[in-house]
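Here is a friendly note to read alongside the model. Have the sequence open next to the picture, and take the points one at a time.

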Amino acid sequence: MNNVPIKTALVTGSTSGIGKAIALALAKEGICVIVNGRRDKSLITTMLSTIEELNNIKPCPYIQGDISNEKTRNAIIELIKKNYGYLNILVNNAGITTQNRKDMINLTEDDMLKVLKINCIAPFLLTTALYPMMVAKNTINYIINIASISSYTVSTNRADYCISKAGMSMMTKLFAIRFAADNIRVFELRPGIIQTDMTRPVQEKYDNLIANGLLPISRWGQPEDVAMVVDAITKGFYNYSTGEIINVDGGFHIARL
Ligand code: NAD
């Protein structure tokens, strides 16, 4: 009989796009994935049963709700505490972009607060609350922040988003230092232009930019491109690293002349 406890992972915002691909990749490794998102459970039954088939753990735990709401965060924490008592992998993925991309001059306090709360404050509070259940003695656990090329790239029509992702980059460094002695490694992925619901409204704009040479690797990124990096990190291939940034952007970050 195998007495090794099952590994647990929480992927926020995992009902679509990058988060969904990450959840499926982790489930494929036999990890118990806790899914979170805003969609009603009835809309994601196919995805939940796919995860159950991959990791053979039924039912796949799902917490529906907005992570910027304290009640949702508490429900996540309680579920993990009650059912497992520990968390091996936390992927801070849930995020939104600027509502109706607008010139930064016209951003209101409400606009700013909405994006900063979901993209920055919620992952900070969720992570610090889950930290006691991630402290590891005989294993190495992982926190992976899904930031963006917007952590360092200026888009004046998405200032709130850029500020939130720059904030997440500082969070990566803070967590890496604070949690290093507890066997928790912290990584930041910076996806580039990834084909998901988030980028659908600007598909044509990015199609043209890519066709005109924006990316050295000249294609859209796919959610699975990001998920494969999470898979590699959580398999332990980077265990002597922490606070590391991995660009998943087709080479976008390389300044060219
Ligand atoms: P997406 O819209 O397909 O997925 C976002 C997911 O997060 C959805 O499942 C949504 O329900 C969930 N979500 C949003 N707000 C939430 C909240 N308050 N509480 C709980 N869940 C919430 O978009 P995506 O492209 O897969 O984005 C995932 C992450 O990747 C985001 O943090 C985004 O900023 C980041 N990112 C995306 C791109 C890209 O080009 N698509 C590039 C860089 C970074």
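1. Start with helix H2: its face turned away from the buried side carries Thr46 and Glu53, which are exposed (over 50% relative accessible area; buried is under 20%, partly exposed in between, with a 1.4 Å probe and protein chains only). Helices are DSSP runs of H or I with at least four residues, strands are E runs of at least two, and both are numbered from the N terminus.

2. A word on the source: this is a predicted model, where local features need pLDDT of at least 70, side-chain atom pairs count only at pLDDT 80 or more, and totals for chains, interfaces and linings use all residues. Residues are numbered from 1 along each chain as its sequence is written, and side-chain values use heavy atoms, leaving out hydrogens and water.

3. Which residues of H2 (residues 45–55) are buried? They are Met47, Leu48, Ile51, Glu52 and Asn55. These residues cover an arc of only 140° around the axis, so they lie on the same side of H2 (the arc is taken from the directions from the helix axis to the C-beta atoms).

4. Now look at what covers those buried residues of H2: the cover includes helix H1 (17–28), strand E2 (32–37) and strand E3 (62–64), where contact means heavy atoms within 4.5 Å.
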